[in-house]
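Welcome! Let us take a walk through this fold together, one stop at a time.

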Amino acid sequence: MSRRGLVDEAIQGILDRVVDGGFPAGSALPPEADLAALLEVSRPTMREAVRSLSDRGVLRVVHGRGTFVAPREEWRDLPTLIGVLARTTPSRDLGLQLIQVRRMLEVGAAGLAAENRNDVDLTAMRAVLDGYDEAAARADVDEVVRLDLAFHGLVLKASGNPFLAAIMQPLAEALSASRQTTAAREDVRARAQEHHRRILEAISGGDASAAKDAMRAHMKQTHDDIAAL
């Protein structure tokens, strides 16, 4: 195995123990030699894994005292946090937390999209929603989910603010998993598409207020669909 692969395995080994309570928040990691033996890697590989997790905010190195597991509120790497939460949080609860984040970001993004969209953006959105209709008609849940997320991605792109898409990108895998559950229901697929069409209509018309209202209503409906699981 490559050195990078060994480091990744060591990182995962530490995270596994954080998740299962072997290394709880606030606890000190074992001494260097013991940790390397526990992870079955060399000490240089173990040091690199610890350095990587320290950079992500998962571990806190206190010189002269040791290396400690930081509380999740201090973690700085979103993919790492999402990966751990996906393993430790019930899917319904995780879905509701994701909707809270989406509501805060996507309502404003819809308003910006109404102000900044161009013809290319609108054409792409229409094509995606037409594809959604076709996928929904044949009950192709995987394709429905892909196109659902693609539509929301196009709204973020049309906002003209690259930070919005960059913030949402790490959430894509978790969003897809959450959407798979609700999109399996025909009534949910239909309701979501009705909201998508209203959002597109408002964005196309350049009405920022209506676009935000439409996205807000969509987020509420999605929240209610997940809460009903």
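Predicted model: local features only at pLDDT ≥ 70, side-chain atom pairs only at ≥ 80, totals over all residues.

Helices (H or I, at least four residues) and strands (E, at least two) are DSSP runs, numbered from the N terminus. Residues are numbered from 1 along each chain as its sequence is written, and side-chain values use heavy atoms, with hydrogens and water left out.

Phe68 counts as buried because its relative accessibility is 14% (buried means under 20% relative accessible area, with a 1.4 Å probe and protein chains only). Leaving aside residues up to four places away in sequence, Phe68 touches Gly26, Ser27, Ala28, Val58, Leu59, Arg60 and Val62; contact means heavy atoms within 4.5 Å.

Next, look at α6 and α7. They pack at an angle of about 165°, with axes 9 Å apart; axes are lines fitted to C-alpha atoms over the stretch in contact, and angles run from 0 to 180 degrees between N-to-C directions. The two helices are therefore roughly antiparallel (over 145 degrees). Among the residues that meet are Met125 and Leu129 in α6, and Leu147 and Phe151 in α7.

Finally, find helix α10 (residues 186–204), which has 19 residues. Its buried residues include Val188, Ala192, His196 and Ile203. Part of their cover comes from α5 (91–116), α6 (119–137) and α11 (208–227), among others. After α10 comes Gly206, with a positive phi near 70°.

Terms used:
Expected span 1.5 Å × (residues − 1). Buried < 20%, exposed > 50% of the residue type's maximum accessible area, 1.4 Å probe, protein only. Parallel < 35°, antiparallel > 145°, perpendicular 65-115°, else oblique.
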